[in-house]
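Me: I'm new to this one and would like to walk through it with you. Could you take my questions as they come?

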Amino acid sequence: MASNWVGELIYEGKAKRVYRVNNEFLVMEFKDEVTAFDGVRKEYAPGKGRLAAAQTAFFMRLLDKYGIRNHLVDWDGDRKILVRSLKMIPIEVIVRNYAYGSFLRRMPLVRPMTKFSRPLVEFHLKSDELHDPLITMDDIVEAGLASREQINEIVNTALSVNSILSELMISRGLVLVDFKLEFGVDKSNNVVLADELSGDTMRVLINGRHLDKELFRKGASAMDLVKAYEELNKLLGIP
Ligand code: C5P
């Protein structure tokens, strides 16, 4: 299967490359690299690409079992996943269970790691130039990025993803602090969960210790980050 996954490079981001196989499928390749602060800090992280691809495949397959439609088709067992091509909605959907990160910067009245009375769902416009600003549901509708119905579906899906992942994490002694999702629309106009779900896009703690990219943001080496991803995969039973 993996040998058929050839295509034209259509996008290169900080952590991934995307190739177009045909009208229907894309290949996402996870790089052995880690970046933080909009790419200002960047290091070679041998093994990270495979670990993040494995995490994404594992979480997407788990969510699929719970009926959450997502773009994953297959994983090559290494750094690539085969996914369905979608029309992407250019917003980041963040779900938060505890106060952390950019939430604390905009709302300093809440103490770090306070558990929210219910999970927060927020939207950010995908824009490196503007540093992914927080936007409202009305902003999204008025800009024509998604309909109100689609946004409601996205919120419901994001909350379901949170319940499924939080329950899994709790069963392994882990705490899911927050995570980021992206969505696209398929040819039948269904909203579909897309992009990645990995230590790069979530905060996960074990006994207060990060097993996610926050380690690197806080100054740890790329090697320590790779070790943390290995530990997370072992705890979750990810190959
Ligand atoms: O920085 P912030 O607190 O907004 O991040 C919330 C969550 O979303 C974190 O788990 C972070 O890793 C993730 N995130 C992401 N990509 C971004 C911004 C945030 O995966 N561009």
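Me: How many aromatic pairs does the count come to?
Reply: Keeping in mind that this is a predicted model, the count comes to two aromatic pairs.

Me: Is phenylalanine 59 buried or exposed?
Reply: Phenylalanine 59 is buried, because its relative accessible area is 0%, and the cut-off for buried is under 20%.

Me: And what about the rings of phenylalanine 103 and phenylalanine 116, how far apart are their centres?
Reply: Their centres lie 4.9 Å apart and their planes stand at 75 degrees, so this pair is edge-to-face. The pair links distant parts of the chain, since phenylalanine 103 belongs to helix H2 (residues 101-106) while phenylalanine 116 belongs to strand S10, 13 residues apart. Phenylalanine 103 counts as buried at 6% relative accessibility, and phenylalanine 116 is buried with a relative accessible area of 13%.

Me: Which ring does the charged end of arginine 41 sit over?
Reply: That would be the ring of phenylalanine 216, with the charged end of arginine 41 placed 3.8 Å from the ring centre.

Me: Switching to pockets, what volume does the second largest pocket have?
Reply: Its volume is about 170 Å³, and of the 13 residues that line this pocket, the closest to its centre are Asn97, Tyr98, Lys115, Ser166 and Ile170.

Me: What is its lining like by class?
Reply: The lining of the second largest pocket has eight nonpolar, three polar and two charged residues, and strand S9 (91-98), strand S10 (115-125), helix H4 (148-171) and strand S12 (174-185) each supply at least two residues of it.

Technical notes: Residues numbered from 1 in each chain as written. Predicted model: local features only at pLDDT ≥ 70, side-chain atom pairs only at ≥ 80, totals over all residues. Heavy atoms only, no water. 1 Å grid on protein atoms, 1.4 Å probe; cavity = no way out; pocket = protein on both sides within 12 Å on 5 of 7 lines; lining within 4 Å. Points joined across faces, edges and corners; volume = space filled by probe spheres on them. Helix = DSSP H or I, 4+ residues; strand = E, 2+ residues; numbered from the N terminus. Nonpolar A, V, L, I, M, F, W, Y, C, P; charged D, E, K, R; others polar. Phe/Tyr/Trp six-rings, centres within 6.5 Å; stacked < 30°, edge-to-face > 60°. Buried < 20%, exposed > 50% of the residue type's maximum accessible area, 1.4 Å probe, protein only. Lys NZ or Arg CZ within 6 Å of the ring centre and 35° of its normal.
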